[in-house]
Amino acid sequence: MAETPCSDLSKAEEILGRYPQEEPALIQVLQDVHRAYNYLPCDVLERVAEALDVPLAKVFSVSTFYKAFSLEPQGDTIVKVCVGTACHIRGAGQLVEELERQLGVGPDETTEDLKFTVKTVNCVGACAMAPLVIVGEKYFGSAKPAKVHKYLDEGGADEN
């Protein structure tokens, strides 16, 4: 079966050039790759394994172990809804439903235009602000479903 690379490997090569070509650099390389591509493309992971002389199985093991990494394309803006106990009690479910209505995607899904990825998180330690929506790097406490559109507009303007 012929292999067709689908990612621009020049970004990966530039990242790999910044690190020693050895296994201890793996997590740092993966973090930079994730930042550059907004996910970990399989063909890039193969290149990382080869460059760092790490078995591909180990690269995938690390890539799937940490929740911060995704093997699926992510949106330019990550929208997180805290569903921890305090947020849940104060209406996090309605926030998730409103995001689904407005964006057409549920938790762990990305809009077709790759603008937004919706995620639920267990607790961000901001219980006094419950319920909480995080759009990009902006936190919206005491969030209300009627303001979800505003949150998306304000938080989506940030670069991640």
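**Helix 2 against helix 3**

I started with the crossing of helix 2 over helix 3, and it is right-handed. This is a predicted model, so I am reading it as such. The contact draws on Leu26, Val29, Leu30, Val33 and Tyr37 from helix 2, and on Val44, Leu45, Val48 and Leu52 from helix 3. I sorted these residues by class and got nine nonpolar, no polar and no charged. Next I looked up the geometry: helix 2 spans residues 26-37, and its axis lies 11 Å from that of helix 3, at an angle of about 150 degrees. Angles over 145 degrees count as roughly antiparallel, so that is what I noted for helix 2 and helix 3.

**Helix 3 against helix 4**

Then I moved to the other neighbour. Helix 3 (residues 42-52) packs on helix 4 (residues 56-65) with the axes 9 Å apart and an angle of about 125 degrees. I put this pair down as oblique because of that angle. The crossing of helix 3 and helix 4 is again one I logged as right-handed. On the helix 3 side I listed Cys42, Leu45, Glu46 and Ala49; on the helix 4 side, Leu56, Val59, Phe60 and Ser63. By class, this contact has six nonpolar residues, one polar and one charged.

**How enclosed is helix 3?**

I checked burial along helix 3. Eight of its 11 residues are buried, so I wrote it down as largely enclosed by the rest of the structure. My list of buried residues reads Asp43, Val44, Leu45, Arg47, Val48, Ala49, Ala51 and Leu52. I noticed that Asp43 and Arg47 are on that list. For packing partners of these buried residues, I found helix 1 (9-16), helix 2 and helix 4. Just past the end of helix 3, I noted a positive phi of about 55 degrees at Asp53.

For Cys123, I found the nearest cysteine sulfur in Cys127, 4.2 Å away, and no disulfide.

Definitions and conventions: Residues are numbered from 1 along each chain as its sequence is written. This is a predicted model: local features need pLDDT of at least 70, side-chain atom pairs count only at pLDDT 80 or more; totals for chains, interfaces and linings use all residues. Side-chain values use heavy atoms; hydrogens and water are left out. A disulfide is a pair of cysteine sulfur atoms within 2.5 Å. Axes are lines fitted to C-alpha atoms, for helices over the stretch in contact, and angles run from 0 to 180 degrees between N-to-C directions. Helices (H or I, at least four residues) and strands (E, at least two) are DSSP runs, numbered from the N terminus. Angles under 35 degrees count as roughly parallel, over 145 as roughly antiparallel, 65 to 115 as roughly perpendicular and the rest as oblique. A crossing is left-handed if the near helix is turned anticlockwise from the far one by less than a right angle, and right-handed if clockwise. Contact means heavy atoms within 4.5 Å. Ala, Val, Leu, Ile, Met, Phe, Trp, Tyr, Cys and Pro count as nonpolar, Asp, Glu, Lys and Arg as charged, and the others, Gly among them, as polar. Buried means under 20% relative accessible area, exposed over 50%, partly exposed in between (1.4 Å probe, protein chains only).
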